[in-house]
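Colleague: I'm new to this one. Can you walk me through the structure?

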Amino acid sequence: MSDKTAIVIGASRGIGLGLAKELASRGYRVIATERSESEGLREAAERHRPQIEIATCDVTDKDSVAGLTDRLTAGSVDLLVVNAGVYGPDDQSLAALEREAVADIIDTNAVGPVQAALTLLPLLKKGGTIGMMTSKMGSIDDSSGGANYYRLSKVAQNMLSRSLFESHAKERGVGVISLHPGWVQTDMGGPNALIDVETSVNGMLDLLEAESEPRHVFLAYDGSTVLW
Ligand SMILES: NC(=O)c1ccc[n+]([C@@H]2O[C@H](COP(=O)([O-])OP(=O)(O)OC[C@H]3O[C@@H](n4cnc5c(N)ncnc54)[C@H](OP(=O)(O)O)[C@@H]3O)[C@@H](O)[C@H]2O)c1
């Protein structure tokens, strides 16, 4: 095991589970979180013992995020990936938008993830990096419309991630990368998605590990820049 440490928030399945496994393969100590017991994460922790440590965290619950700070010392973490996210209701047409459901998805996909990153920021080393899992669907420039709940939540996340960087992370020498994982074969991406989890997570981890100067940019898994 190397002396590197990573935290993955939302590692029960899909991309987050893939990130936890690949980070362990790369030698990291990994704090990987779930909301409820995940068989896949337990199997990964068994296979990568003792590197993957399982913790509980819901990004919409401030106490559960704060609980993670007890497990690690300040300035000890190289990488934090906030991966948690939901797609939202089936009908996402403009006419179907309802205030309560808008608030819910903004809480889960934008406010919760960015506040979680802010809470965990003191754990990061100077020169560490935070990966915020957003989506190309949160690019206004790239948008063809539709998927309105999901898109607005990821646009909101992107803006709050900029604030996280400008107002908090930059002064600590920590970068914030808004990540588009590609269209990935997971529960959310579905079986027809273009790439598998391994391709996505390897691409994103290569990018995050290559960061040197603190900055906030929007990158796809293949290293291309996504327009805001
Ligand atoms: N798949 C794609 O093609 C794609 C494309 C662009 C962006 N993304 C983004 O990539 C991320 C992962 O997507 P995925 O495809 O792996 O989705 P997924 O298979 O549906 O997994 C979502 C993960 O987020 C966790 N999560 C959801 N709400 C949470 C909360 N309130 N607190 C903590 N964890 C929570 C889930 O935990 P539970 O198991 O407890 O539900 C699960 O671990 C998401 O942010 C998604 O928006 C995915």
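This is a predicted model: local features need pLDDT of at least 70, side-chain atom pairs count only at pLDDT 80 or more; totals for chains, interfaces and linings use all residues.

Colleague: How do the elements run from the N terminus on?

Modeller: They go β-α-β-α-β-α-β-α-β-α-β-α-β. The radius of gyration is 16 Å, close to the 17 Å the globule rule gives for 228 residues, so the chain is as compact as a globular protein of that length.

Colleague: What does the C-alpha trace span along its principal axes?

Modeller: About 50 × 40 × 35 Å. Buried residues make up 44% of the 228 in the chain.

Colleague: Switching to helix α6: which residues are buried there?

Modeller: Val-197, Ser-200, Val-201, Met-204, Leu-205 and Leu-208. Seen down the axis of α6, the buried residues fall within an arc of 115°, so they line one face of the helix.

Colleague: Why would spaced-out residues point the same way?

Modeller: An α-helix has 3.6 residues a turn, so residues three or four places apart point the same way.

Colleague: And what do the buried residues of α6 pack against?

Modeller: They pack against α1 (14–25), β4 (77–82), β5 (124–133) and β6 (175–180).

Colleague: New topic, the ligand. How many residues surround it?

Modeller: There are 28, and the closest are Gly-14, Ala-84, Gly-85, Thr-186 and Gly-189. The elements giving two or more residues to that shell are α1 and α4 (99–120). The largest share, three residues, comes from α1.

Colleague: What's the shell like by class?

Modeller: It has 11 nonpolar, 13 polar and four charged residues.

Methods: Residues are numbered from 1 along each chain as its sequence is written. A residue is buried if 20 or more other C-beta atoms lie within 10 Å of its own, exposed if 12 or fewer, and partly exposed in between; C-beta atoms are placed from the backbone. Helices (H or I, at least four residues) and strands (E, at least two) are DSSP runs, numbered from the N terminus. The arc is that of the directions from the helix axis to the C-beta atoms. Two residues are in contact if their C-beta atoms, placed from the backbone, lie within 7 Å. A residue is near a molecule or strand if its C-beta atom, placed from the backbone, lies within 6 Å of it. Ala, Val, Leu, Ile, Met, Phe, Trp, Tyr, Cys and Pro count as nonpolar, Asp, Glu, Lys and Arg as charged, and the others, Gly among them, as polar. The radius of gyration is taken over C-alpha atoms; the globule rule is 2.2 Å times the number of residues to the power 0.38.
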